[in-house]
Amino acid sequence: MMAEMKHGTVETNGIRMHYVEHGTGPLVVMCHGFPESWYSWRHQLEALGEAGFHAVAPDMRGYGNTDRPADIDQYTLLHLTGDVVGLLDALGAESAVIAGHDWGAPVAWLAALLRPDRFRGVIGLSVPYRPRGKVRPTTVMPQTDDAVFYQLYFQTPGVAEAEFEQDVRSSIRGALYWGSGDAPRQQEGDPAGPRFMVPRSGGWLARRPNPASLPPWLSETDLDFYVGEFTRTGFRGGLNWYRNIDRNWELLGPLSGARVSIPALYIAGDRDLVVSFPGMDQLIPNLSTFVPQLRGTIMLSGCGHWTQQERAQEVNAAMIQFLRDL
């Protein structure tokens, strides 16, 4: 099936964007997160394409075969959402359903918020729609004398890059395994704190050692693809998304209090670290307050962060049902 998928490149929003597509029919654009690739949607490209949809998964700005602008301020959510709108234009599509996982989810939610005329449905994986807060996000991220929230660790250019690029294979293996539902459950009262905290003296990988074996949903062939991509591109493009968190907050001031008006679906694993972030226990059960046309919240038992890879069949079925009901 991978051989039947087509690769293309378009000019959009001032960059060249690479994408992979399969099938014909109503357009579905799927946006990946960090540290990932169009390849993260490989199972959905096949399933949606075979189900009568035009499934498209781009390498997002900063990744893979898509351009990687040098300046940090070229990675705001407005840039990223503009890239996807331009992708629709380049494909000649009046409208699409947009799906996003991890960092791709905020792009999808913002696309739904800003352009309900172009996006007729939105599917968020792992990361729910989060209303704009009252203060700059980095000022309220958790930190202690011993550790900082991983998004704070990613702020200083060069630090995380040096750590991840020292051994790309080990970094990718550690990230994918320890973020998954296959990793051992963290013991309550762990003195190191939640796994989303980075020890000030150790680095991000200190708590994500290279596992002895891969989880069943990830093959060596899959791993080879990711390793090849990040060995070639480095990690800076993806990390630059994190370095715009406060800038995004500033730019999106006019959208304070706005609600997502189009039909939506939210899917996450109950072992995803994202759902344990501060405030998520209040936000997720009340998501329909901010997303009035929320058609469902699906929590996958035992699933970790890599939702559509760990539970491909369940995610495929949920997405296809949502798409057919629109």
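Helix H2 (residues 77-91) packs against helix H3 (residues 104-114) at an angle of about 75°, and their axes lie 9 Å apart. This is a predicted model. Two packed helices are described by the angle between their axes and the distance between the axes. Angles from 65 to 115 degrees count as roughly perpendicular. H2 and H3 are therefore roughly perpendicular to each other.

Which residues of H2 and H3 meet? H2 brings Leu77, Leu78, Leu80, Thr81 and Val84. H3 brings Pro106, Val107, Leu110, Ala111 and Leu114. By class, this contact has 9 nonpolar residues, 1 polar residue and no charged residues.

### Around H3

Is H3 largely enclosed or largely open? Of its 11 residues, 9 are buried, so H3 is largely enclosed by the rest of the structure. The buried residues are Gly104, Ala105, Val107, Ala108, Trp109, Leu110, Ala111, Ala112 and Leu113. Val107, Leu110 and Ala111 also belong to the contact with H2.

H2 is one of several elements that the buried residues of H3 pack against. Strands E3 (27-31), E5 (96-101), E6 (119-125) and E9 (264-269) are also among them. So is helix H8 (236-242).

### The cysteines

How many disulfides does the structure hold? The count is 0. A disulfide is a covalent bond between the sulfur atoms of two cysteines. To count as one here, the two sulfur atoms must be within 2.5 Å. The sulfur of Cys31 has its closest cysteine sulfur in Cys303, 19 Å away, so the two are too far apart for a bond. Seen from Cys303, the closest cysteine sulfur is in Cys31, again at 19 Å.

Cys31 counts as buried because its relative accessibility is 0%. Cys303 is buried as well, with a relative accessible area of 0%.

Gln309 sits in helix H11 (residues 307-310). Is Gln309 buried or exposed? Its relative accessibility is 2%, so Gln309 counts as buried.

The side chain of Gln309 makes a polar contact of 2.9 Å with the side chain of Arg42. Leaving out residues up to four places away in sequence, Gln309 touches Glu36, Ser40, Arg42, His43, Trp217 and Tyr226.

| Residue | Relative accessibility |
|---|---|
| Cys31 | 0% |
| Cys303 | 0% |
| Gln309 | 2% |

Technical notes:
Residues numbered from 1 in each chain as written. Predicted model: local features only at pLDDT ≥ 70, side-chain atom pairs only at ≥ 80, totals over all residues. Heavy atoms only, no water. Helix = DSSP H or I, 4+ residues; strand = E, 2+ residues; numbered from the N terminus. Buried < 20%, exposed > 50% of the residue type's maximum accessible area, 1.4 Å probe, protein only. Polar contact = N/O pair within 3.5 Å; in protein donor to acceptor, adjacent residues only side chain to side chain. Contact = heavy atoms within 4.5 Å. Axes fitted to C-alpha atoms, helices over the stretch in contact; angles between N-to-C directions. Parallel < 35°, antiparallel > 145°, perpendicular 65-115°, else oblique. Nonpolar A, V, L, I, M, F, W, Y, C, P; charged D, E, K, R; others polar.
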